[in-house]
Amino acid sequence: MIEMIMVKDDVCWLCGKHLGINNKSMVITQHHVLPQTLKPKKNICVPVHRMCHNKITSHDMNCLKNFAIRIYQESKELTKKTQILINQVKEFEKNIITNVI
């Protein structure tokens with residue numbers, strides 16, 4: 001069984017346009033970041049428009065490049081936020097130790 005991590009977002013991870021829920025022509029789908037053929041134990045699904053999903057799965061190289069860039073940018077942002085959180089925890093622990101002594 002594959003563990004799925006579902007990313008919640010209000011923009012398409014490929015084109016960057018808003019995922020208009022009321023717009024029937026812009027159907028929202030979930031794209032597996034890792035190909036299912038690799039049979040990963042964990043996978044991430046990101047929201048994309050149906051037409052963008054079709055571009056990704058049709059192996060459009062520009063489309064794949066843009067998608068990879070977006071994933072890279074998001075991972076860098078997540079790394080920054082994680083580091084900020086780690087620093088805040090360290091500062092909190094330091095303050096607790098200082099106040100106890």
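This is a predicted model: local features need pLDDT of at least 70, side-chain atom pairs count only at pLDDT 80 or more; totals for chains, interfaces and linings use all residues.
View 1. Residues are numbered from 1 along each chain as its sequence is written, and side-chain values use heavy atoms, with hydrogens and water left out. Arg70 lies in helix 2 (residues 61-100), helices being DSSP runs of H or I with at least four residues and strands runs of E with at least two, numbered from the N terminus. Beyond its neighbours within four places in sequence, Arg70 is in contact (heavy atoms within 4.5 Å) with Asp9, Val11, Cys12, Trp13 and Gly16.

View 2. Three strands, ordered 1-3-2, form an open sheet of mixed pairing, where two strands pair if DSSP finds at least two bridges between them. Strand 1 (3-6) and strand 2 (28-32) stand at the edges, each with a single partner strand, so one side of each has no neighbour in the sheet. Strand 2 and strand 3 (residues 42-49) pair in the antiparallel sense over five bridges, and His32 stands opposite Cys45 in strand 3.

**View 3. The largest nonpolar core.** Nine residues make up this core, namely Cys12, Trp13, Leu14, Leu19, Val46, Val48, Cys52, Ile56 and Phe67; such a core is a set of buried Ala, Val, Leu, Ile, Met, Phe, Trp, Tyr and Cys residues joined through side-chain atoms within 4.5 Å. Strand 3 and helix 1 are the elements that give two or more residues to this core.

Notes. Buried means under 20% relative accessible area, exposed over 50%, partly exposed in between (1.4 Å probe, protein chains only).
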